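Open the model in your viewer and keep the selection tool at hand. The stops below can be taken in order.

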Amino acid sequence: MKSSKQKSLKILVLGKPNVGKSTLINYFIGEKVSIVSRKAQTTRQNITAIMTEGLNQITFIDTPGLNSTKKNVSIKETFRSSVISTDLLVYVVDDRKISRFFENELKKELHGSHLQFSKKILVINKIDKINKGELLEITRETYKKIEFDETFFISLKKGYGTIELGNWLKNQLIERNWEFKQNEKSNFGKEQFLCELTREQILHNFHEEIPYNLEVVMDYIRPGGGNSLKIYQTILLTKGSYKPIILGKKGNGIKNLSQKTRLEMEKFLKKKVHLFLNLKINRG
């Protein structure tokens with residue numbers, strides 16, 4: 001007989017930059033709730049993403065990409081800013097060797113942290129790019145540092161292993177009241193996420209030239225004709241030299257940026273969007 005009571009699970013997702021944490025969460029939520037970029041440190045703050053199906057609710061905490069202690073964002077800050085009541089740790093790695101040498105610091109934080117996980121799982125992403133021998137080596141080297149309860153081999157791009165991972169997570173659900181409402185998908189408000197969509201496209205289109213920590217602010221949203229929306233945003237730049245980069249020759253750069261961002265906004269809002277972007281130098 002099936003239980004008629006609510007069940008939930010809270011998962012902390014950790015991993016080096018660009019291993020696929022945000023893509024993994026977006027996959028399970030079924031829509032974009034965390035932005036994705038090739039650029040390290042794309043996610044600037046913890047994002048809570050919520051997946052609710054029937055009586056089951058799984059919450060993912062998407063963290064800033066783990067970085068070395070020489071960088072601005074460290075694993076310690078990630079742990080300190082995370083919720084104490086997290087049930088599971090999901091550690092994501094990929095085919096890059098750099099992922100293998102970070103586990104020492106993670107191991108120290110796991111032993112010294114007040115965070116207690118019922119289980120820790122290792123998720124190796126991008127297995128379509130890894131040969132079998134290398135896959136075994138990645139697993140072996142990671143287990144030398146941290147003992148995981150389960151390991152999953154997936155490819156988000158190809159869809160390998162994602163059903164098995166999803167089924168396993170559902171089997172870990174705990175009978176208790178939900179923390180979030182049924183229709184909530186993220187701790188990000190709509191306006192904040194629309195700004196994040198613009199930021200994502202800037203990082204995609206101007207990968208090397210523009211720093212990850214730029215800010216986009218919402219000026220206002222107005223109704224347009226035929227159930228459309230007019231969205232006005234300002235991109236705050238820390239240096240005047242960034243402005244001509246985004247503008248591009250004859251304004252083609254910002255025109256292309258606006259078109260791509262508008263399409264992402266229309267997918268998210270499910271309606272026609274007219275986007276107006278303004279550039280402002282804000283040296284702080």
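Start with helix H4, residues 132–145, and pick out Thr139 within this helix. The model is a predicted one.

Is Thr139 buried or exposed? Its relative accessible area is 14%, and the cut-off for buried is under 20%, so Thr139 counts as buried.

Next, show what surrounds this residue. Beyond the neighbours within four places in sequence, Thr139 is in contact with Ile124, Thr151 and Phe153.

Now move to the sheet. Select strands S8, S9 and S10: they form an open sheet of 3 strands in the order S8-S9-S10, and the pairing is mixed. Which strands stand at the edges? They are S8 (215–223) and S10 (273–281); each has a single partner strand, so one side of each is left without a neighbour in the sheet. From one strand to the next, the twist averages 20°.

Zoom in on S8 and S9, the latter covering residues 229–237. These two strands run antiparallel and are joined by 8 bridges. For one example, select Val217, whose bridge partner in S9 is Thr234.

Finish with helix H8, residues 252–269. Helix H8 lies across S9 and S10, and runs at about 130° to S10.

Key. Residues are numbered from 1 along each chain as its sequence is written. This is a predicted model: local features need pLDDT of at least 70, side-chain atom pairs count only at pLDDT 80 or more; totals for chains, interfaces and linings use all residues. Side-chain values use heavy atoms; hydrogens and water are left out. Two strands pair if DSSP finds at least two bridges between them. Helices (H or I, at least four residues) and strands (E, at least two) are DSSP runs, numbered from the N terminus. Axes are lines fitted to C-alpha atoms, for helices over the stretch in contact, and angles run from 0 to 180 degrees between N-to-C directions. Contact means heavy atoms within 4.5 Å. Buried means under 20% relative accessible area, exposed over 50%, partly exposed in between (1.4 Å probe, protein chains only).
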